[in-house]
Amino acid sequence: MEQLLVEGGTPLKGRVKVNSAKNASLPIMAAALLTPGDILLEGVPPLDDVKTMLSLLHHLGARTNFNPTTGDMKLTVPNLQDFTAPYELVGKMRASVLVMGPLLSRYGRARISQPGGCAIGLRPIDLHVKGMMALGADIVMGHGYIEARAKKLHGTRIYLDYPSVGATENTMMAAVLAEGTTVLENCAQEPEIVDLANFLSNLGARISGAGTSVIRIHGVEELRGGRHTVIPDRIEAGTYMLAAGITRGEVLLENVIADHLKPVLAKLEEAGVRIEERGDEGLLVSVPGEIRAVDVKTLPYPGFPTDLQPQFMALMATARGSSVITETVFENRFMHVPQLQRMGCNISIEGRSALIKGPASLTGATVKVPDLRAGAALILAGLAAAGSTWIREIHHVDRGYHEIVDKLGGLGARISRIKVGRSLTGTYAAGMRIKKAGENLA
Ligand code: UD1
């Protein structure tokens, strides 16, 4: 078992390169099921979620080849071996349901394990299913699985009750090989959806409007192979900006699309963080004065991203004044609050809002990661806290942050991964050091 040990108090300084987006890579990988042609993806981050999607594609019959060092990934699906996304993989990663649209569209059949509950909310997939049904699929549910069948999907007008990212992607992928035109209304507008649409267009799909609330898809007979470079990860970028902010440091972020981060940049600047665009070099983040409390409400894009809410809350705990953070996207995304409270943050929750009173003097403590982005928030809090913070259950963090220990270490943070064993008396014996940031133990 591994834990992170963070010794806080050092302002981060230096440069950090942001990876390609996890949330763009996953649907694009699933989209490889739509074509028998060869797909080459460039810059795919070697994250645990990416590996789970690779296992799923392999299970379904894809030939896969991934170089985690270069990020090059080759995918070819000549024939399908199975049409089931099993519980073991969907339970591990909800984005596994993204194979439903492509399987149904190309093969007329998909069987997907129901994801069930998840840490940050109920997260049903009713909108995905509604999209498939509107395109003409018959749906049967039973034994924990959703089975969708259709001889041929037919384009139609679909109104999404909520601009769900996954439902937009799944329905869009189902519609590209459908007969006729599909008009998807009230759909999600995230940059990852635009990236998926660009990728599909490269393969010969006819899509317009991605990035707005109405997407039009004219079905085509078949798709060919192609290559694509995945967009930078706006959530990873935002996390490092907040790390610079919470440590009152100065960090240059490389490989960022500032446009994708507009609401985050606006809120950071309102709070007193300075952001300078340095042309091709990237974005320079610094803190010229004190950090002020600001209110934030999470919303679908182009609103403030829910995936940066926990990290922003950590920053607000160190700000002067009181801020209110309202979470509207997920119903249970305050799991980091009790952990942040252990570190001295003054936070109270009322329904979907959290009141954060700052500035708090953060102190190192042992904390447990409840989910991916909450884990990032705890690391940030640890970087700002006095003393040592031990962070448990860090496998959640590995789902979405590649080499976070090395990257933060490169910026001067004192952070290391520690192997921890349970002793015979049941207590934890820490000590076997795995790797300090930037250090090569080999
Ligand atoms: C994606 C992101 C995730 C991010 C989220 C919101 C990926 C792989 N993951 O997740 O990191 O936090 O967008 O920006 O891209 N909902 C329904 N019914 C459905 C589908 C969703 O009620 O059929 C609800 C969910 O419970 C949630 C809200 O809609 O409350 C948003 O979910 P959605 O946009 O679908 O998120 P994901 O695609 O799962």
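User: What should I know about the model before we start?
Analyst: The model is predicted, so local features need pLDDT of at least 70 and side-chain atom pairs count only at pLDDT 80 or more, while totals for chains, interfaces and linings use all residues. Residues are numbered from 1 along each chain as its sequence is written, and side-chain values use heavy atoms, with hydrogens and water left out.

User: How many disulfides are there?
Analyst: The search of the whole structure finds 0 disulfides, a disulfide being a pair of cysteine sulfur atoms within 2.5 Å.

User: Is Cys187 buried or exposed?
Analyst: Cys187 is buried at 1% relative accessibility. Buried means under 20% relative accessible area, exposed over 50%, and partly exposed in between (1.4 Å probe, protein chains only). Cys345 is also buried, at 6%.

User: Changing topic, how many salt bridges are there?
Analyst: The count is 19 salt bridges, each a side-chain nitrogen of Lys or Arg within 4 Å of a carboxyl oxygen of Asp or Glu.

User: Which residue does Glu281 pair with?
Analyst: Glu281 pairs with Arg15, with the closest N and O atoms 2.6 Å apart. Glu281 is partly exposed at 37%, and Arg15 is partly exposed at 47%.

User: And which residues are linked in a network of salt bridges?
Analyst: The network links Arg109, Arg111, Glu147 and Arg149. Within it, the side chains of Glu147 and Arg111 meet at 4.0 Å, N to O. Glu147 is buried at 16%, whereas Arg111 is partly exposed at 27%.
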